Amino acid sequence: MTQLINGGVYLLHGREIAQTPGESFPSPDDARENTMAYNILRAHSGGGRGKNMNIKFDALISHDITYVGIIQTARGSGLKEFPVPYALTNCHNSLCAVGGTINEDDHVFGLSAAKKYGGIYVPANQAVIHQFAREMMAKGGGMMLGSDSHTRYGALGTMAVGEGGPELVKQLLSNTYDIPSPEVVLVYLTGTPKHGVGPHDVAIELVGKVFKNGFVKNAVLEFAGDGIANLSMDFRIGIDVMTTETACLSSIWETDDKVKAFYENHGRPDDYKKLAPGDVAYYDRAVIINLDEIESMIALPFHPSEAYTIHEFNENAADLLREVEKRAEAQFGKKAKLSLTDKLVDGKFIVDQGTIAGCSGGMFDNICEAAAILDGASVGDSYFSLSVYPSSVPVNLALIKNGVQAKLLEAGALFKPCFCGPCFGAGDVPSNNGFSIRHTTRNFPNREGSKPGEGQLSAVALTDSRSIAATAKNGGVLTAATDIEYDYTPSEYVFDKGVYDKRVYRGFGKANPEEPLRFGSNITDWSKIYPLSEHLLVKLAAVIHDEVTTTDELIPSGETSSYRSNPLRLAQFALSRREPEYVKRSESCAELEAKRRSGEAPSELISVLSRVCGDPKETLKATSFGSAIYATKPGDGSAREQAASCQKVLGGYANICREFATKRYRSNCINWGILPFTLDSDTPFDYSVGDYIFIPNVRQNLLDGKEEFPANIITKDGRENITLYVKGLTNDEKDIILQGCLMNHYAANLKSTERNDSNE
């Protein structure tokens, strides 16, 4: 179905792949400039062909888990007005019953900030973040930055990047997004999907082929090929949004008349731009997908890359389910248990729940075809249930007008608001030991809302809405949509933005500095964060040897979202579903650091330093002390900055790993003053919670641009030497770490500017 070419290729006239360059071909560096990706990136990075890019985005977008912290950080760094369109959407914390008034307090804060600084405000349940961006903000040849990892609008000709909040703060303060010039990977589509195959099937196939081997990590995926013309816009968008799960940086697609019609339908014809690779374009690697051969797919717990065809799964269900049970046992031990093999009845796998939702599943085409499958059928009166969450009110209005919503309701499905909850554990949480199939973006452990520490654990598999509907029609027996007969004629989608005209506040360019911000009781400022001292001593508060640690484990989603505007309270949930003792361990380190800063010399720290230096009391005065986390490969998944900020609030100073799963998590660590240490592949890390690491002269070494940091590990049995690495820091990133965090960095620059102004 899918071929990987692990080496440079040339694409000729957008349709012919050449692995061996001809005599007249330009060099790879020259021909890479002919990609759509580099044309857009260069235009947003001041032109030129340097090794690094300093990008300014055309627009920004956030949701109600992230925008309060972003605005608070920017406000503390000198924000006066939003310099580009910035949309504040409300699709994550819109279940306002959780936590009393505090979620709605955040929404009121968001509207007041849009009025004060000149922003766009989308009220709760009007649209999920990415659907609003597609409908109202994407632009051909443009670039958008969002504080959600699934910020992907490449199918519309917009290069979009999902990052942690501090990167949006930089843009709000008219600074740049700084990255090394990325690799570009060609994704060449050919053929036509068969009846019953949907975008999630193609996406799961893609993720399954490229995630675990890091084939596209931090690269831009560039989609081309004659197969694109055979896909509807919703189909393209459904594949595109899932590129986040490949660990790529961004995506971009060829555009054609279907994209042009999309912009015309949405009342923005001037925002269309024809995009295509140049006559000879170079790509670092290539993925070739034959759409004819794609089958109905399933991604098993606990990652979108656990990809199988539904036929493969059904043929080997017992063995594959035992593997899932083993993964759960390895991660959660005796805290909670999955017993999935008991869902095999007479050789058939019985599913408990189906959900079609969010930025990937809640699209018009997905829901219409699911309705065609269920037309005149029933989801039944037993344990299986089906919920549908449209991606926006305009989509929902169209589904009402064309009768699709009625068909699904008649079949026993439930329609729910435009809300992202099922994707992160705030809606349709399955029962303990339940198995849910979902057309959503992720199926990480606990992301569905269970609490292993309290004996709760359920499982989510990703499948396309078509196979979810087929399963519902078959009484909850897992069924590939390609195995059933149904008639479907695509419905024409007519976008009606009237509800947006009535409800969305459009304030860009109309900032009112006199407008007061409206603070709820849960909205608090950040704690004081101190600059990095000359030396650093850290104590391991968590040691995680899992293959990958997700941001959902670093800071759980679900009900914790209600406290995203309260850094101290949110921090109490850090690693709570993976290392419950982490918070207490880290807080004890922070308490010792507070004593040190007050002039005391805690005996614990003196005892440790006496083993690595001659004058521990004098050394302690110049040594920052805090907690550290070791994880093999941390940061897969969400862009949420809180995965790093909670560590900092609790006294964290360092993360140590083999590699960071994503650039965005590493950036979050840097922006919160957490040193992003890595180890080389030959260095064992057999150390335990409670061991100490002393990194002498860390500040001066950073100032000198060094990337190797000699360190001492102090255990109860002795002392060992180790080399830590921090590679590829920009000058700004170095200063952020030295100052303690991004806010301190901007505050220092602001003071410097004020001093210079006063001296003139």
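Strand β11 (residues 184–190) runs parallel to β12, and 5 bridges join the two; strands count as paired once DSSP finds at least two bridges between them. Helices (H or I, at least four residues) and strands (E, at least two) are DSSP runs numbered from the N terminus. The model is a predicted one, where local features need pLDDT of at least 70, side-chain atom pairs count only at pLDDT 80 or more, and totals for chains, interfaces and linings use all residues. Residues are numbered from 1 along each chain as its sequence is written, and side-chain values use heavy atoms, with hydrogens and water left out.

From β12 the chain crosses through helix α8 (residues 233–241) to β13 in a right-handed β-α-β crossover (right-handed: with the strands pointing away from the viewer, the path from the first strand over the helix to the second runs clockwise).

What about burial in β12? Since 5 of the 5 residues of β12 (residues 220–224) are buried, the strand is largely enclosed by the rest of the structure; buried means under 20% relative accessible area with a 1.4 Å probe, protein chains only. V220, E222 and A224 point one way, L221 and F223 the other.

Conventions: Buried < 20%, exposed > 50% of the residue type's maximum accessible area, 1.4 Å probe, protein only.
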